[in-house]
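Here is a brief report on one structure. Please look over its sequence and fold before reading on.

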Amino acid sequence: MTDRKDEIAANLAKVERRIADACTAAGRARDEVTLIVVTKTYPASDVRILAGLGVRHVAENRDQDAAPKAEACSDLPLTWHFVGQLQTNKVRSVAGYADFVQSVDRSRLVSALSKEAVRAGRELGCLLQVALDAGESGRGERGGTGPGGIGELADLVAGAPGLRLDGLMTVAPLTGEYAGREQAAFERLMVLSTDLRRSHPAATMVSAGMSTDLEQAVTAGATHVRVGSAVLGVRPRLG
Ligand SMILES: *Cc1c(COP(=O)(O)O)cnc(C)c1O
C-alpha cells in the first residue's frame with residue numbers, strides 16, 4: 001500500500017507539473033484548470049490514496065465498476081464524473097452517485113437522466129459530449145453528438161428538471177479530419193463552447209485532454225482535463 005501510494009504520488013506530481021507548465025506557457029492561471037483523475041479499472045483503494053493526496057475529482061466510464069467503487073468511497077470528499085457511453089438502463093444507478101455526467105449525447109438520455117435525478121432528489125451537472133469525427137449531424141464512434149446537435153440537446157438539458165447544463169466534453173478523435181490533430185480538435189471544441197455560451201452563459205465547463213494530450217487541451221482553453229494512465233499506470237485492459 002505504501003509503495004502504491006508513493007508511485008501514485010510521484011505520478012500525480014508529474015501530471016501536476018505538466019498542467020502547471022502548460023498553464024504558464026498558455027498565459028493561464030493554474031486554477032483555471034481542474035484535474036479529474038480517471039480511476040476506471042483501478043480499485044477503490046487507489047481512489048482512497050488519491051483522495052489522501054488531495055485529489056477531489058475522479059471519473060469512471062462503466063457503471064458496473066463505478067457503482068461499487070463510489071459506494072466504497074462515499075466517506076471521501078470526492079466529486080464523481082461519469083465519462084463513458086451510457087445506456088439508459090444504467091441511468092438510475094449512475095444518478096445515485098455521479099455529480100457530473102460528461103457523456104450526454106442524445107435526447108433519450110436527457111429524459112432518462114432527468115427522471116432519475118428527480119427521483120433521487122439530486123441535481124446532475126451535464127456536459128454534452130461532442131463527437132468531432134462524426135460530421136455535423138452524425139454520432140461518434142465512441143459516443144457523442146455531432147456539432148449540429150449541440151443546440152437542441154443544450155436546450156433540452158437546460159429545461160429538464162434535476163439537470164444543470166454545465167458545458168461540453170470531447171475525446172480527441174482517432175478518425176476523420178481531426179485524427180492526429182488534437183490541438184485543432186480542442187480549439188474547435190472551444191469555438192463550439194463560445195457559441196453555446198451565447199444562449200447558455202453558465203455552461204462554462206470545457207472538458208478535454210487525457211494523459212497524452214493534456215497540454216494541447218490546456219493550450220486550447222480547457223477547464224477540465226481527464227487523466228488516467230499518467231497517474232495510475234497503464235491499464236491492464238481497455239477500459
Ligand atoms: C479513459 C478515459 C480518459 C483517460 O484516459 P488516459 O489516456 O488513461 O489518460 C479520459 N476520458 C475518457 C472519456 C476516458 O474514457
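In which strand does Glu60 lie? Glu60 belongs to strand β2, residues 57-60; strands are DSSP runs of E, at least two residues, numbered from the N terminus. This is a predicted model, where local features need pLDDT of at least 70, side-chain atom pairs count only at pLDDT 80 or more, and totals for chains, interfaces and linings use all residues. Residues are numbered from 1 along each chain as its sequence is written, and side-chain values use heavy atoms, without hydrogens and water.

Glu60 is buried, at 1% relative accessible area (buried means under 20%, with a 1.4 Å probe and protein chains only). Its side chain makes a polar contact of 2.7 Å with that of Lys69 (N or O atoms within 3.5 Å, one able to donate a hydrogen and the other to accept it). Leaving aside neighbours within four places in sequence, Glu60 is also in contact with residues including Trp80, His81 and Phe82 (heavy atoms within 4.5 Å).

Next come the nonpolar cores, sets of buried Ala, Val, Leu, Ile, Met, Phe, Trp, Tyr and Cys residues joined through side-chain atoms within 4.5 Å.

| Core | Residues | Members include |
|---|---|---|
| Largest core | 70 residues | Val101, Leu113, Leu128 |
| Another core | 8 residues | Val38, Phe100, Met169 |

In the largest core, Val101, Leu113, Leu128, Leu163, Val225 and Val231 have the most contacts inside it. Helix α7, residues 182-199, gives this core its largest share, seven residues. Helices are DSSP runs of H or I, at least four residues. In soluble globular proteins, nonpolar side chains tend to be buried together.

Definitions and conventions
Buried < 20%, exposed > 50% of the residue type's maximum accessible area, 1.4 Å probe, protein only.
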